[in-house]
Amino acid sequence: MPGHGKSVDVRLADGRVAAIGSGALARPGDEVVHWPDAYLMPGFVDSHVHWTQWAQCRRRIDVSAAGSAVEVVRTIVAAGAAGPGLVLAHGYRSGLWPDRPHKDLLERALPGVAVAVVSTDIHAVWLSPAALALLGLDHPTGVLREQEGLDAQQALSALIPTEQL
């Protein structure tokens, strides 16, 4: 990689990198900026970046360290979740857990509280019976995947005050 670990000059033209080199890339009239110890890297070019979800997660209970469904519930309870309103958590990944997420686990720990736990990849949402009821849904486990889960998350977003998003 050119310039890795050493100072280099970067010339920008029309918002794009026009040249990378070691010295004298500036032309008369160019604005020259010196950024000692800065690191230059390409901007995001991936159209599949979930900025909105990232921002929302900053206001939700992080359960990503949990190694089981029971640990997720303990984490939510320890965070002081009790309602009223919708309790939001994020970051579960159940693929290697010894147990499975289920609406009854949430109900036993937080009876009558609407709880929504979004998976790490946002392709699933685990809902308590009260959260399902908010959406007018009935589901055997409370774990909605793919389009059903994405639709539920969108519907829940419409019920959440903007400051809680």
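Student: Which residues on the other side of α5 are exposed?

Tutor: On that other side, Gln147, Gln154 and Ala158 are exposed. Exposed means over 50% relative accessible area, buried means under 20%, and partly exposed lies in between, for a 1.4 Å probe and protein chains only. This is a predicted model, in which local features need pLDDT of at least 70 and side-chain atom pairs count only at pLDDT 80 or more, whereas totals for chains, interfaces and linings use all residues. Residues are numbered from 1 along each chain as its sequence is written, and side-chain values use heavy atoms, with hydrogens and water left out.

Student: Which residues of α5 are buried, and what puts them on the same side of the helix?

Tutor: The buried ones are Gly149, Ala152, Gln153 and Leu156. Taking the directions from the helix axis to the C-beta atoms, they cover an arc of only 100 degrees, and therefore they lie on the same side of α5. Among the elements that cover them are β4, β5, β6 and β7, contact here meaning heavy atoms within 4.5 Å.

Student: How do you know what span is expected for α5?

Tutor: The expected span is 1.5 Å times one less than the number of residues. Helix α5, residues 146–159, has 14 residues and reaches 20 Å from its first C-alpha to its last, which is close to the 20 Å expected.

Student: What counts as a helix or a strand, and how many of each does the protein chain have?

Tutor: Both are DSSP runs numbered from the N terminus, a helix being H or I with at least four residues and a strand being E with at least two. By that rule the protein chain has 5 helices and 7 strands, and along the sequence they follow the pattern β-β-α-β-α-β-α-β-β-α-β-α.

Student: Why is Ser7 called exposed, and why is Ser119 called buried?

Tutor: Ser7, in the segment before β1, has 68% relative accessibility, so it counts as exposed. Ser119, in strand β5, has a relative accessible area of 8%, and therefore it is buried. Across the protein chain, buried residues make up 33% of the 165 residues.

Student: What makes the approach of the Ser119 side chain to the side chain of Asp121 a polar contact?

Tutor: A polar contact is a pair of N or O atoms within 3.5 Å; within protein, one must be able to donate a hydrogen and the other to accept it, and residues adjacent in sequence count only if both atoms are side-chain atoms. The side chains of Ser119 and Asp121 make such a contact at 2.8 Å, and the side chain of Ser119 also reaches the backbone nitrogen of His123 at 3.3 Å. Leaving out residues up to four places away in sequence, Ser119 touches Gly91, Tyr92 and Ala124.

Student: Why is the pair of Tyr92 and Trp97 called tilted?

Tutor: Rings of Phe, Tyr and Trp (its six-membered ring) pair if their centres lie within 6.5 Å, and the pair is stacked when the planes are under 30 degrees apart, edge-to-face when they are over 60, and tilted otherwise. The rings of Tyr92 and Trp97 have centres 5.8 Å apart and planes at 40 degrees, so their pair is tilted. Tyr92 and Trp126 form an edge-to-face pair, at 5.8 Å centre to centre and with 75 degrees between the planes. That pair links distant parts of the chain, with Tyr92 in strand β4 and Trp126 in strand β6, 34 residues apart. Tyr92, Trp97 and Trp126 form one aromatic cluster.

Student: How do you know that Tyr92, Trp97 and Trp126 are buried?

Tutor: Tyr92 has 3% relative accessibility and so counts as buried. Trp97, with a relative accessible area of 8%, is buried, and Trp126, at 0%, counts as buried.

Student: What makes a set of residues a nonpolar core?

Tutor: Its members are buried Ala, Val, Leu, Ile, Met, Phe, Trp, Tyr and Cys residues joined through side-chain atoms within 4.5 Å. The largest such core has 21 residues, of which Val63, Val72, Ile76, Tyr92, Val115, Val117 and Trp126 touch the most other members. Elements α2, β4, α3, β5 and β6 each supply at least two residues of this core, and the largest share, 4 residues, comes from α2. Apart from it lies another core, of 16 residues, including Val118, Val125, Ala131 and Leu156. In soluble globular proteins, nonpolar side chains tend to be buried together.
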